[in-house]
Amino acid sequence: YITGRDHRVLVINYKFVAAALRTPAAVIGDGKSTIQQLIDVVNSDPRRGYGHEKVLTSIKIDEMTLQILAEKNLSIESVLKLGEELWLKRTANLSTGGTSTDVTDLVHPFNVFTCERIARIIGLDICGIDIMADNLTDPITENGGAILEVNAAPGFRMHLDPTEGIGRNVAEPVIDM
């Protein structure tokens, strides 16, 4: 069982280009509003839309969300305490309402080397490498991190326009290649 936070590293032309921390769709309690009302507030962000039409995807209440709520003895009508964070999905995909934070400048050189090496070994000149680790500032061999997956067709929007942090022009290295 691997624990940690969900990261995506983007490698283009066998070179490290960007990294993002991905966080599942979530709401933060205000002590007054129901979970449904908190979701509505999050979904009112003009950056959110349906599917991939906008930078962020709206949060939908689906079977996974209802399971998570039931496991915590909550419903969409429950009120969260002030400051209480509730993750509404088990995955951090942007397509399910997750968010991204740019961490490109924080990635340890060993992790950069490892991701570039993975791309070369697999032979993918464009790939997204999913890493579960508490952080990427330390070598994943030292912090219990693990490579989970290598994607041959990674999404760019989490890097182009992250929810937090600096947007990275990850299309330029593709054009240059």
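Tutor: E1 and E2 pair in the antiparallel sense over seven bridges; strands pair if DSSP finds at least two bridges between them. Both strands will come back as cover for H3.

First, the ground rules. This is a predicted model, in which local features need pLDDT of at least 70, side-chain atom pairs count only at pLDDT 80 or more, and totals for chains, interfaces and linings use all residues. Residues are numbered from 1 along each chain as its sequence is written, and side-chain values use heavy atoms, with hydrogens and water left out. Helices (H or I, at least four residues) and strands (E, at least two) are DSSP runs, numbered from the N terminus.

Now the helix. H3 spans residues 109-122, 14 residues in total. From first C-alpha to last it reaches 20 Å, close to the 20 Å expected at 1.5 Å a residue; the expected span is 1.5 Å times one less than the number of residues. Gly123 follows H3, with a positive phi near 85°.

Its buried residues (under 20% relative accessible area, 1.4 Å probe, protein chains only) are Asn111, Val112, Thr114, Cys115, Glu116, Ile118 and Ala119. Their cover includes E1 (5-12), E2 (15-23), E8 (126-133), H4 (140-143) and E9 (146-151).

Return to E2. Eight of its nine residues are buried, so E2 is largely enclosed by the rest of the structure.

Methods. Buried < 20%, exposed > 50% of the residue type's maximum accessible area, 1.4 Å probe, protein only. Contact = heavy atoms within 4.5 Å.
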